[in-house]
Amino acid sequence: MEYHKVWSKSRRELFLACPRWWVIRYGLNQANWDQSKSQQWHSMSDIRSHWDLMLRSCKQTIFERLEDLQMNVEWSPLFTERKIRENLNEKISQQQKILSMHEVIGTKKAIDENLKLNDIDIEYLIKNSIKRITTLWNNDFIQALVSRFHKQWMVFERIERGSVNGVDLYCCPDIAVKIQNHWHLIRIDMQGKKNSSFEELEAMAMVSWIRGKNNFPILANKYTIRVIAWRNGFWNQQRIESSKQKLTQSNYLIDSDIIQMQKMLSKLGKNNSFNQIPLARKSSTCRKCALRESCPGGTNLSSGIMQQSALELADLSKG
Ligand code: SF4
């Protein structure tokens with residue numbers, strides 16, 4: 001089974017957190033799958049908790065506010081709150097439409113229970129969003145944009161595609177700012193994970209995405225990366241100096257991820273069996289997953305992993 005070569009940070013994170021969820025989310029749209037099951041699982045794989053919807057709508061609001069700032073339109077706190085509310089409500093109602101389809105096929109109740117979707121406190125989510133956006137706007141870097149200190153900057157839509165070594169990249173920076181002779185590429189990470197040893201190389205993928213595009217420089221050392229990540233109730237900022245060597249290592253990481261992803265899909269075999277596809281590493285991943293009802297690790301991850309190992313051994317012994 002051929003994996004269309006696509007890389008993004010979120011795909012990589014899901015692949016590492018739970019290969020089974022990743023296969024269902026990104027590998028199931030294949031012609032030889034049982035279409036009804038594949039569509040049902042695929043749609044379940046993108047159903048999110050209200051917390052995750054808050055993070056997505058918060059990011060969308062940040063983009064909209066930055067885009068208006070580029071047009072010299074500034075938002076009042078009241079208007080910001082209105083946009084946050086609008087965007088969150090829109091995300092929730094879009095998801096409810098998908099859930100009503102699951103009501104018809106009988107899978108909604110389990111999804112609601114797993115993701116605690118009946119237990120919603122909109123005001124709490126909005127308060128969280130307001131805190132994130134207000135404190136982000138007090139950040140020195142954003143303040144320099146607000147005060148028109150930097151003359152040349154732009155905001156990017158995440159859907160824009162880049163390419164490296166035949167791999168489609170979805171990893172554009174959120175903002176690019178020209179400061180003196182350098183382009184600063186900024187990523188705003190709504191839920192910064194613990195520092196991982198690969199964070200620098202993952203962030204360097206933004207340089208691969210942008211270099212040579214629309215007159216952006218080719219040379220890696222013409223870029224600086226800044227990751228502004230929400231961690232433990234604060235925005236933390238990390239600065240990474242780009243270099244040719246780091247860019248090569250980052251491209252190597254992308255290539256090796258793609259090879260691992262292709263290997264994973266080949267484990268499905270001719271029968272599209274999930275017996276050899278590993279489950280999540282941590283049960284905390286399962287708590288955010290709408291596929292639990294149909295998954296051997298859904299109720300108890302440890303016993304699901306043992307069950308899966310037995311099936312894998314049986315498959316391998318058949319040869
Ligand atoms: S329930 Fe857990 S193991 Fe199963 S697909 Fe979801 S995250 Fe992976």
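Before moving on, note what is on screen. This is a predicted model, where local features need pLDDT of at least 70, side-chain atom pairs count only at pLDDT 80 or more, and totals for chains, interfaces and linings use all residues. Residues are numbered from 1 along each chain as its sequence is written.

**Stop 1: the ligand**

Show the 13 residues around the ligand; Cys18, Cys286, Cys289, Cys295 and Gly297 come nearest. A residue is near if its C-beta atom, placed from the backbone, lies within 6 Å. Colour the shell by class: eight residues are nonpolar, three polar and two charged. Nonpolar means Ala, Val, Leu, Ile, Met, Phe, Trp, Tyr, Cys and Pro; charged means Asp, Glu, Lys and Arg; the others, Gly among them, are polar.

**Stop 2: helix α2**

Return to α2. Eight of its nine residues are buried, so α2 is largely enclosed by the rest of the structure. Buried means that 20 or more other C-beta atoms lie within 10 Å of the residue's own; exposed means 12 or fewer, and partly exposed is in between, with C-beta atoms placed from the backbone. Select Pro19, Arg20, Trp21, Trp22, Val23, Ile24, Arg25 and Gly27 to see the buried set. These residues pack against α1, α3 (35-44) and α10.

Now pick Trp41, in helix α3. Trp41 is buried, with 21 other C-beta atoms within 10 Å. Its C-alpha atom is separated by 6.6 Å from that of Ile24, 17 residues apart along the chain. Neighbours within four places in sequence aside, Trp41 is in contact with Ile24, Leu28, Leu291 and Ser294. Contact means C-beta atoms, placed from the backbone, within 7 Å.

**Stop 3: two domains**

Colour domain 1 (6-139 + 258-318) and domain 2 (147-254) separately. These bounds come from an automatic or database domain assignment. The domain centres, taken over C-alpha atoms, are 24 Å apart. The contact takes 18 residues from domain 1 and 15 residues from domain 2. On the domain 1 side, β1, α1 (9-17), α4 and α7 give two or more residues each. α4 gives the most to that side, with eight residues.

**Stop 4: the cores**

Select Leu185, Met204, Ala205, Met206, Val207, Trp209 and Ile225. They have the most contacts inside the largest nonpolar core, which has 34 residues. Such a core is a set of buried Ala, Val, Leu, Ile, Met, Phe, Trp, Tyr and Cys residues joined through C-beta atoms within 7 Å. Elements giving two or more residues include α4 (50-70), α9 (199-210) and β7 (223-231). α9 gives the most, with seven residues. The core draws at least three residues from each of domain 1 and domain 2.

Zoom in on Ala205. Beyond its neighbours within four places in sequence, Ala205 is in contact with Leu169, Cys171, Ser250 and Ile254. A second, separate core of 25 residues includes Leu115, Met264, Ala280 and Cys286.

**Stop 5: a sheet**

Finish with the open sheet of three strands, in the order β1-β4-β3, with mixed pairing. Two strands pair if DSSP finds at least two bridges between them. β1 (6-7) and β3 (162-164) are the edge strands, each pairing on one side only. β1 and β4 (residues 167-169) run parallel, joined by two bridges. Select Trp7: its bridge partner in β4 is Leu169.

Conventions
Helix = DSSP H or I, 4+ residues; strand = E, 2+ residues; numbered from the N terminus. Contact = placed C-beta atoms within 7 Å.
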